[in-house]
Structure formats: structure tokens, C-alpha cells
Amino acid sequence: MKSSKQNVKIDGIDKKILRYLIQDARRPILEIARNIGISGAAIHQRLRKLEKSGLLVGSNFVINPKVLGYTTMAYIGIFLDKAMSNPSAVKQLEKIPEILECHYTTGNWSILIKVLCKDNEHLMFLLNKKIQQIEGVSRTETFISLEQQINRQISI
């Protein structure tokens, strides 16, 4: 995610709108308008302004992976042979659907990824047969998440 060069200015009404939508993105605009005390059209205008500014970047449904049988979440630090390997390694990592996030990092690893697997056996296959086979990957360090305790966005 690239950072914006300029900060977006939001007022108290924008913050109220955003708090309602962060709680429930399906909440009707007219309900939010009634609660805040402004018109639905004003809410729409403000949302368009926030989308255009880049502060709001889409809306989506959240899938519960456990319902699909994905129960093992892990974070994998990837050590690369050379920094030059970063772009090509990321291109190969993008092809692996179990990888949810990929970050360049400071510290020991070149790359940190977040993966979601059905179980530990699936994770082992992913490590041995896919990730560690990528050219430039010298080794990996894996941390299995036992249970996520906090999941939130930046507070408004």
C-alpha cells in the first residue's frame, strides 16, 4: 500500500459517517443521515469526496475462512539470497493463492508473508513445495498464529 503525499482533512461529520460504516458497511445511508442529522444527499457527497481523496478504498464482504476449512494461519519470514531477488520473488509469491499479504521488511527477513492453510500438513506442503522452491529464497522462518486477538482498522 503506497502512502499518500498529502493528508486528507476530515471533519467531525465525516468521522461520524466513517465510524458508522466501519461498524457496518451495509448500514443504510438514510439511517446514518437520520442519526447524524443531515440529508442522505449530503452523506453521498461526503462519501464521494472521501473516495476521491483516496481515504476510502472500496468496500467488501469478509469471508470466514474456517467455514471453508482453512484453520491454520501463519506468518513466514523469507530470507532471500540478494535484495535483487525481491521483485522476482514477489511475482512468484503472487501466484500462490494461500498468501494473503506480502510485505518488504526491515530486519533479518527480506519479505514477510501471511498465509492461510487448511491445516499444518497443507502449510508444510506450501513451505516445502512452493515457497522454498522459489529462486532466490534461501530459507524461511515460520510462526503459526494460534488465535487472532485483535482485528481492527485505524480509529477515526
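Which side chain makes a polar contact with the side chain of His122? That of Glu98, at 2.9 Å. The legends below take this site and several others in turn.

This is a predicted model: local features need pLDDT of at least 70, side-chain atom pairs count only at pLDDT 80 or more, and totals for chains, interfaces and linings use all residues. Residues are numbered from 1 along each chain as its sequence is written, and side-chain values use heavy atoms, with hydrogens and water left out.

**View 1**
His122 is found in helix 5. Helices (H or I, at least four residues) and strands (E, at least two) are DSSP runs, numbered from the N terminus. The relative accessible area of His122 is 16%, so the residue counts as buried. Buried means under 20% relative accessible area, exposed over 50%, partly exposed in between (1.4 Å probe, protein chains only). The polar contact runs from the side chain of His122 to that of Glu98. Such a contact is a pair of N or O atoms within 3.5 Å; within protein, one must be able to donate a hydrogen and the other to accept it, and residues adjacent in sequence count only if both atoms are side-chain atoms. Not counting residues up to four places away in sequence, His122 touches Tyr70, Glu98 and Cys117. Contact here means heavy atoms within 4.5 Å.

**View 1. The largest nonpolar core.**
This core has 19 residues. A nonpolar core is a set of buried Ala, Val, Leu, Ile, Met, Phe, Trp, Tyr and Cys residues joined through side-chain atoms within 4.5 Å. Ile76, Ile78, Leu93, Ile111, Ile113, Val115 and Ile131 touch the most other members. At least two residues of this core come from each of strand 1 (72-80), helix 4 (86-94), strand 3 (111-117) and helix 5 (120-131). Neighbours within four places in sequence aside, Ile131 is in contact with Ile76, Ile78, Leu93, Ile96, Ile113, Leu126, Val137 and Thr140. Another core, of eight residues, lies apart from the largest one; Ile17, Leu21, Ala33 and Leu47 are among its members.

Helix 2 spans residues 29-36, and its buried residues are Ile29, Ile32, Ala33 and Ile36. Seen down the helix axis, these buried residues fall within an arc of 100 degrees, so they line one face of helix 2. The arc is that of the directions from the helix axis to the C-beta atoms. Their cover includes helix 1 (12-23) and helix 3 (40-53). On the face turned away from the buried side sit the exposed residues Leu30 and Arg34. Gly37 follows helix 2, with a positive phi near 95 degrees.

**View 2. Strand 1 and its two partners.**
Eight of the nine residues of strand 1 are buried. Strand 1 runs antiparallel to strand 3, joined by seven bridges. With strand 4, strand 1 pairs over eight bridges, also in the antiparallel sense. Two strands pair if DSSP finds at least two bridges between them. Gly77 stands opposite Leu112 in strand 3. Phe79 stands opposite Arg139 in strand 4.

**View 3. Gly77 in strand 1.**
Gly77 lies in strand 1. This glycine is buried, because its relative accessible area is 0%. Leaving aside neighbours within four places in sequence, Gly77 is in contact with Trp109, Ile111, Leu112, Arg139, Thr140 and Glu141. His103 is 26 residues away along the chain, with 9.6 Å between the C-alpha atoms of Gly77 and His103.

**View 4. Glu141 and Trp109.**
Glu141 lies in strand 4 (residues 137-145). Its relative accessibility is 32%, so Glu141 counts as partly exposed. A polar contact of 3.1 Å joins its side chain to that of Trp109. Residues up to four places away in sequence aside, Glu141 touches Tyr75, Ile76, Gly77, Phe79 and Trp109.

**View 5. The aromatic pair.**
The structure holds one aromatic pair. Trp109 and Phe143 form this edge-to-face pair, 6.0 Å centre to centre with 65 degrees between the planes. Rings of Phe, Tyr and Trp (its six-membered ring) pair if their centres lie within 6.5 Å; planes under 30 degrees apart count as stacked, over 60 as edge-to-face and the rest as tilted. Trp109 lies in the loop between strand 2 (99-104) and strand 3, and Phe143 in strand 4, so the pair ties together parts that are 34 residues apart in sequence. Trp109 is partly exposed at 21% relative accessibility. Phe143 is partly exposed at 40%.
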